[in-house]
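Take a look at the model below. This report walks through its sheet and then its helices.

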Amino acid sequence: MTAPRRILLVDADAFFVAVARQEDPEGAGRATLLIVGGRPGSRGVVCSASYECRAYGVRSAMPISRALALCPDAMCLPVPRGACSARSREIQGVLARFSPVVQASSIDEWYCDLGGTEALYQHEPLRVTAHRIREAVFEATGLNVSIGGGTSRLVAKMAVEVAKPKPGSGADGVHCVDPGAEAQFLSRFALADLPMVGPRLAEKLARMGLERVHDAQGWSEEALVSRLGDRAGRWLAQRVHGIDESIVTPRDRQKQVSREDTFARDINDDEVLERELLRLAVRVSADLRRQALRARTVAVKVKDTAFRSRTAQRTLSSFIESEKSVLKAARPLLRQLRRKQKAPLRLLGIALSHFDDEPGAGERTATQLGLFGAELPPVAAGSSADSGAPAQEPTESPKDRALTRALDRIRDRYGSGAILPASLVDPAQDTGPRVEE
């Protein structure tokens with residue numbers, strides 16, 4: 001007989017708030033009401049809020065202005081990104097001491113598969129192991145985590161919501177569901193609480209008289225299939241009974257590296273927008289190199305004052321990593337978007353994907369370099385520049401990459417602003433605060 005799976009979901013409690021308090025103990029550390037995501041007056045969104053702020057109705061992804069209207073006495077801070085990344089790695093390192101397989105779901109969530117460790121932990125209940133993991137994380141990082149456990153990723157995901165020690169909940173940070181009790185445990189939730197049940201599906205289910213998981217558990221798989229179709233019906237019939245065969249893998253392959261800025265004031269000046277594009281190219285290419293990646297696909301995203309988002313992208317014939325190449329690929333895309341609709345923009349972003357560490361990447365294309373650092377002739381691309389002619393592809397020589405990495409070393413030692421393109425250091429051209437997203 002196959003032993004039941006032992007899956008945990010570890011969720012750092014109010015992660016961005018907790019890290020902000022660690023980084024600024026005399027300021028944020030003393031603030032009961034704390035919002036992390038942007039400065040007051042900015043047009044950013046809430047990344048995280050203290051439980052006390054949440055009692056006022058403040059929620060993640062809410063505009064900062066709305067959050068402060070609901071909770072005007074709150075302290076509001078930008079995300080301490082570097083510290084958050086460091087703490088995330090520290091937590092994952094602790095988890096790796098307990099679990100043979102750890103998968104980061106996000107910067108503050110990790111799945112652990114403890115299958116096969118029963119003898120290692122002397123067959124103690126899963127909740128006992130989870131409590132020991134929780135204590136080890138706090139001892140190593142000073143951060144609290146909540147842990148949900150069960151026989152599947154789905155059950156662990158739902159259990160961690162019950163585990164969180166929210167004010168008045170009486171929870172102690174760990175909740176594990178015993179094998180065989182999955183359906184009974186899930187019956188307490190609304191169908192809309194299940195992962196992958198979006199608003200449209202939830203609305204359709206409500207029209208069928210199904211609002212709670214308990215309601216759907218009374219339907220046969222055949223009945224659900226007849227109303228929802230084969231794929232959705234079978235999927236829902238399994239999920240409401242806690243059946244989820246998805247596995248925990250050591251690492252999800254990263255799909256893209258991206259940076260976005262929400263401007264303090266709308267921008268309609270093309271010259272200013274291209275300077276902001278350069279600012280993003282510097283940051284996103286540094287993120288790319290920090291992960292030892294190169295990319296072939298470059299995308300530019302814009303959002304106007306009516307919150308309409310548009311994107312344009314191009315895939316190059318060779319991999320790039322320098323800010324110069326990223327900018328050369330991205331600039332025609334921004335111009336293309338501006339030609340189609342020239343409206344004031346509130347957000348601008350660059351995303352890089354199609355990395356050289358993907359399976360088969362080396363077979364699809366090789367990075368072509370010129371002799372003695374000479375640039376190659378331009379290659380036609382699918383996007384057009386202002387003239388209407390095909391946009392030239394960026395090319396990178398070994399000299400370009402060596403220079404870029406030298407700049408990285410200087411910035412790592414003296415700060416990100418140590419060396420910047422000249423147009424980014426002119427104070428007269430500042431467009432006001434930006435909110436990184």
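Two strands count as paired if DSSP finds at least two bridges between them. Keep in mind that this is a predicted model.

Three strands form an open sheet in the order 3-2-4, and the pairing is mixed. Strand 3 and strand 4 stand at the edges. Each has a single partner strand, so one side of each is left without a neighbour in the sheet. Strand 2 pairs with strand 4 in the parallel sense, over three bridges. Which residue of strand 4 stands opposite Leu-34? Met-75 does.

| Strand | Residues |
|---|---|
| Strand 2 | 34-36 |
| Strand 3 | 48-49 |
| Strand 4 | 75-77 |

**A helix on the sheet**

Helix 1 spans residues 15-23. Helix 1 lies across strand 2 and strand 3. Its direction makes an angle of about 105 degrees with strand 2.

**Two helices that cross**

Two packed helices are described by the angle between their axes and the distance between the axes. Here the pair is helix 4, residues 81-98, and helix 5, residues 126-141. Their axes come within 10 Å and cross at roughly 140 degrees. Helix 4 is therefore oblique to helix 5. The crossing is right-handed.

Which residues meet where helix 4 and helix 5 touch? Helix 4 brings Glu-90, Ile-91, Val-94, Leu-95, Arg-97 and Phe-98. Helix 5 brings Arg-132, Ile-133, Ala-136, Val-137, Ala-140 and Thr-141. By class, this contact of helix 4 with helix 5 has eight nonpolar, one polar and three charged residues.

Note on methods: Residues are numbered from 1 along each chain as its sequence is written. This is a predicted model: local features need pLDDT of at least 70, side-chain atom pairs count only at pLDDT 80 or more; totals for chains, interfaces and linings use all residues. Side-chain values use heavy atoms; hydrogens and water are left out. Helices (H or I, at least four residues) and strands (E, at least two) are DSSP runs, numbered from the N terminus. Contact means heavy atoms within 4.5 Å. Axes are lines fitted to C-alpha atoms, for helices over the stretch in contact, and angles run from 0 to 180 degrees between N-to-C directions. Angles under 35 degrees count as roughly parallel, over 145 as roughly antiparallel, 65 to 115 as roughly perpendicular and the rest as oblique. A crossing is left-handed if the near helix is turned anticlockwise from the far one by less than a right angle, and right-handed if clockwise. Ala, Val, Leu, Ile, Met, Phe, Trp, Tyr, Cys and Pro count as nonpolar, Asp, Glu, Lys and Arg as charged, and the others, Gly among them, as polar.
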